[in-house]
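I'd like to walk you through a structure, so please have the sequence and the model open as I talk.

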Amino acid sequence: MTILLTTLNARYAHASLGLRYLLANMGPLQAQTQMQEFVIGAKTTDLLEKLLACQKPGEKLIVGFGVYIWNVEETCKLVALLKRVAPEVVVILGGPEVSHETADQEIIKLADYVVTGWGEITFPDLCKQILNGPQPLMKVHAGVQAKLDDLVLPYSLYTDDDIKNRTLYVEASRGCPFKCEFCLSALDKTAWPFEIDPFLLEMEKLHARGARLFKFVDRTFNLNIKTSLKIMQFFLDKLEANPDDPVFAHFEVVPDHLPDALKDGIKKFPAGSLQFELGIQSFNPEVQARISRKQNNDKAADNIRWLCEHSTAHLHVDLIAGLPGETVESFALGFNRLYALQPHEIQFGILKRLRGTPIIRHTAEYGLVFDPYPPYTILANKDVPFAAMQRLIRFARYWDLVANSGRFTHTLPAILGERPFENFMDLSDWIYAKTDATHRIALDRLANLVSKWLQEERGMSVAQVLAIVSSDYAGDAKHKQGAEKALAAKLAEASNAAKTAAAKATPQRQSRHLAA
């Protein structure tokens, strides 16, 4: 029997930590288990051909699929074709997308078995039953939660190619003690830490092999400060020993829990080596209480301000639009409050109804209407009708293109003025009216659109626009016609010196991470 572990990643740069955990814990079956990762967007028949190439003549093939919100539709098509062409192949599904609400999912109807929740114990046990009998009677198998100390850590399964070309996902803990109802972690009873010394030994091995980019998937990195400090010291030691070959670490941080000991450690990191993701989600206390989110807003704001002023950490701070009871006006207040703190990026998310999350309990009272297809984005609610929600979704897209891209650093303050949310919404509405598009807007065109808006809607002169936009972006005049060509030429001429200076000021590793 051959056992194949596979998934469709969102990008090639993403390496599946879940598959590697399964492979590391296959026990006696590991020798006959393989792993193949694909990327969404590939031709389904090509993927099918590669899967079936693993089937040896006269042997049984088991294929375990990792199913997530970003790949469920394409994985469903792949499973459907697989069962048509080779119905004898045994298909086992696992992952968060198939761990809840299993009765009504088409992909589960197509598969032979499903493992919900944790898979490191249950998946190999299921394979043993299929191989040796007795054959499993049930289709859906609840995953047995392993003791973390009993798990074989998977980090040796990152290949040299992974280390060279991909983001390495690691975890020092699992679970989350908080109960935010939009998140699957709301179903966890608590957070469980891995034993820190064996974990750091694995990080040491990865670093010795050349790993320099580490992304922690822990939901609450700074929950246990002693552990946090020990992990941070590991990276500080590497930075001190190899300043010309720095590491980069990404952590998800609870925003209102930043004691002095942690601040002292954070201050030691040089520019371009540390990134924090902080979930504010909403500054509205009533909304926070409604979705079971505990957060001291003033302390969170103070901590973000401190990080901006006293550290070199790059900050990604999350807000979610569409939460029950959050109006456009109250969201705007929260957005403006967050922008005033000046984090490097505001990650503007739209509420999604992840399968199994408790957010659904507010459906009737707050009129929550979600798209039935992945990624299950909210379409409307009692306070934000469909048309207004569409404006917010376009705002989020253009915000990524203009603000979070880092390509309009000097222009952004002129766009936002004293009313950041309101002014950027005006820009968003204007761009959409001019283009009828939110994707495939070339950077040249975007720069010209921003420039025209500043002139036509904000009353700025051509000279004023050139002075700020050219410091961010030159463009390529050869792709322009008429007035656009003239403007692009002026931008190119004015921006060369400023652009060179800005490039030198950006840490190389930080730039590479943002580009990813």
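**A walk through the model**

P134 is found in the loop between α5 (122-132) and β6 (140-142). Before I go on, please keep in mind that this is a predicted model. So what is the peptide bond from G133 to P134 like, cis or trans? That bond is cis, with omega near -10 degrees.

There is another proline to look at. P374 and P375 are joined by a cis peptide bond too, and here omega is about 10 degrees. P375 sits in the loop between β15 (369-370) and β16 (378-380).

While we are on the backbone, let me show you two residues with positive phi. In Q281, which is not a glycine, phi is near 70 degrees. You'll find Q281 in strand β12 (residues 274-281), and its relative accessible area is 10%, so Q281 is buried. D436 is not a glycine either, and its phi is positive at about 55 degrees. D436 belongs to the loop between α16 (420-435) and α17 (443-456). Is D436 buried or exposed? Its relative accessibility is 58%, and the cut-off for exposed is over 50%, so D436 counts as exposed.

Strands of a sheet pair through backbone hydrogen bonds, and the pairing can be parallel or antiparallel. In our model, six strands make an open sheet, in the order β7-β10-β11-β12-β13-β14, with parallel pairing. Which strands stand at the edges? They are β7 (168-170) and β14 (345-350); each has a single partner strand, so one side of each has no neighbour in the sheet. On average, and ignoring direction, neighbouring strands of this sheet are turned by 25 degrees against each other.

Let's zoom in on one pairing. β10 and strand β11 (residues 248-253) pair in the parallel sense, over three bridges. If you click on K215, its bridge partner in β11 is H250. Staying with the sheet, helix α11 (residues 297-310) lies across β12 and β13 (314-321), and α11 runs at about 155 degrees to β12.

Next, the aromatic rings. How many aromatic pairs does the structure hold? There are 26 aromatic pairs. One of them is F214 with F235, an edge-to-face pair at 5.3 Å centre to centre, with 70 degrees between the planes. This pair links distant parts of the chain: F214 is in strand β10 (residues 213-216) and F235 is in helix α8 (residues 225-241), 21 residues apart. Both F214 and F235 are buried.

F335 and F395 make another pair. Why is that one called edge-to-face? The ring centres of F335 and F395 are 5.4 Å apart and the planes stand at 85 degrees; the cut-off is over 60 degrees, so the pair is edge-to-face. F335 lies in helix α12 (residues 328-340) and F395 in helix α14 (residues 386-404), so this pair ties together parts that are 60 residues apart in sequence. F335 and F395 are buried as well.

Do take a moment to colour the aromatics. Ring pairs link Y155, Y158, F199, F214, F216, F221, F234, F235, F251 and F276 into a cluster.

R166 lies over the face of Y12, at 4.7 Å from the ring centre. R174 lies over the face of W118, at 4.7 Å from the ring centre.

Let me finish with two single residues. The first stop is T116, in strand β5 (residues 113-116). T116 has a relative accessibility of 13%, and buried means under 20%, so T116 counts as buried. And what does T116 touch? Leaving out residues up to four places away in sequence, T116 touches V98, S99, T102, V140, H141, A142 and G143.

The other stop is Q390, back in helix α14. Q390 has a relative accessible area of 24%, so Q390 is partly exposed. From Q390 to L379, the C-alpha to C-alpha distance is 7.6 Å, and the two are 11 residues apart in sequence.

That's my tour, and I'm happy to take questions.

Methods. Residues are numbered from 1 along each chain as its sequence is written. This is a predicted model: local features need pLDDT of at least 70, side-chain atom pairs count only at pLDDT 80 or more; totals for chains, interfaces and linings use all residues. Side-chain values use heavy atoms; hydrogens and water are left out. Helices (H or I, at least four residues) and strands (E, at least two) are DSSP runs, numbered from the N terminus. Buried means under 20% relative accessible area, exposed over 50%, partly exposed in between (1.4 Å probe, protein chains only). Contact means heavy atoms within 4.5 Å. Rings of Phe, Tyr and Trp (its six-membered ring) pair if their centres lie within 6.5 Å; planes under 30 degrees apart count as stacked, over 60 as edge-to-face and the rest as tilted. A charge sits over a ring if NZ of Lys or CZ of Arg is within 6 Å of the ring centre and within 35 degrees of the ring normal. Two strands pair if DSSP finds at least two bridges between them. Axes are lines fitted to C-alpha atoms, for helices over the stretch in contact, and angles run from 0 to 180 degrees between N-to-C directions.
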